[in-house]
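Me: I'm new to reading protein models and would like to know how the labels are decided. Could you take me through a few?

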Amino acid sequence: MRFLTYAIALGVFGITNTEIGIVGILPIITDKFHIGASQAGMLVSMFALIIAISGPFMTLLFSGVNRKKILAGVLVVFTFSNLLSAFASSYNVLMMFRLIPAFLHPVYFSVAFAAAASSVPKEQSAVAVAKVFTGLTVGMVLGVPITSFIGDQFSLEAAFLFSSVVNAISLLGILIFLPSLPANRRLSFGKQLNVLTKPQLWLNTTAACCILASLYSVYAYFAEYLEVVTGMNGKMVSLMLILFGASGIIGNMQAAKYLSRNMVKTIISYPLVLGAIYCLIYYLGSYSIPMSIIIIIWGAVFIGGLIVSQTWLTSEASEAPEFANSLFVSFGNLGITIGTTVGGWFLSQMGTHLIAWSGVFFLLLASACIGLKIKLFDSKKGLKTSPDNLN
């Protein structure tokens, strides 16, 4: 069963890389199709917008289908969408091949965790889910630098073909190792949707959405910033992305430790730490050596924000964890959409150097939601110090 969880995790990596990896090759896309940086950023934001809109509904729609068929079917779509993207003749064609698989992105994630847990004895389910979650983490921290490196060293086509091959290998692994998993028991829609009546959940969801918007309003234009403001060439940008990703793996583990000790203190502190980094980026971003050091710290804090946001949101919906995770995927991607759009506006209207302030703006909104939720709902009952659900 070890190969099964690895195959599912590889699929998570492949799908995450399809969504996020394109950030590292946006400058190449702008050159090939003769478009602006903000228009190229739409390849990220529109993908995320579809996930945000369709996530919970698509998850509910496919909740009664055999899990093996769902996982395999989604990977077939992602394999061919990346293959066709490699040979797209225009920006509009590339956008079309990007948008089609976006509808199935949240379905794979929700089913992947459930399939991994049900494929092993109950006492091993947490370990299996953790391994699958690693695919998301690695996709987030290494997908961009790997794709950027392939695009810079070889070609744009090779970068898309890499994602296609990864998804194809995962598909083969699932077909071989995953047994048929019929959905014998289906949690009613009503029970899952009931969590939406909790106002504290909506405050947590808004905070998570704003944190993701803050992260990606700046990160979506990472390569553009380093080239224009810091003055780095393509190879140096690829190296910086690798440093960013490597430090992110450490940051993810550290964030989990802080959350297990005191979730509320961690969520309160997070916007302050990330905001301080954005200030450093603004004031020191034109200097190569200081910026290189900042990138290492930024990478660790960036990836930590993913698990911080996910834990904060799902802590108020432990009675329906799978649906809560679909909400995180949906509203997280809504945050990515809003963030990349606003970041693109800052870039085009105010200049690349000022883009860090778009991230600060969203952090202020997130802090307001966090403070309001704690004051209204946690002050009387006592603060939670550990997450209810990390999946």
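Me: What is Ile29 in contact with, leaving aside its neighbours within four places in sequence?

Reply: Ile22, His34, Ile35, Leu43, Leu94 and Leu156. Contact here means heavy atoms within 4.5 Å. This is a predicted model, so local features need pLDDT of at least 70 and side-chain atom pairs pLDDT 80 or more, while totals for chains, interfaces and linings use all residues. Residues are numbered from 1 along each chain as its sequence is written, and side-chain values use heavy atoms, without hydrogens and water.

Me: Why is Thr30 called buried?

Reply: Buried means under 20% relative accessible area, exposed over 50%, and partly exposed in between (1.4 Å probe, protein chains only). Thr30 has 13%, so Thr30 counts as buried. Thr30 lies in helix H2, residues 26-33; a helix is a DSSP run of H or I with at least four residues, numbered from the N terminus. Leaving aside neighbours within four places in sequence, the contacts of Thr30 are Ile35, Gly36, Ala37 and Ala40.

Me: And why is Leu243 called partly exposed?

Reply: Leu243 has a relative accessible area of 31%, which falls between the 20% and 50% limits, so Leu243 is partly exposed. Leu243 lies in helix H12.

Me: Which residues touch the most other members of the largest nonpolar core?

Reply: Ile8, Ile29, Tyr108 and Trp298, out of 121 residues. Helix H14 (residues 288-314) gives the most to this core, with 12 residues. Such a core is a set of buried Ala, Val, Leu, Ile, Met, Phe, Trp, Tyr and Cys residues joined through side-chain atoms within 4.5 Å.

Methods
Helix = DSSP H or I, 4+ residues; strand = E, 2+ residues; numbered from the N terminus.
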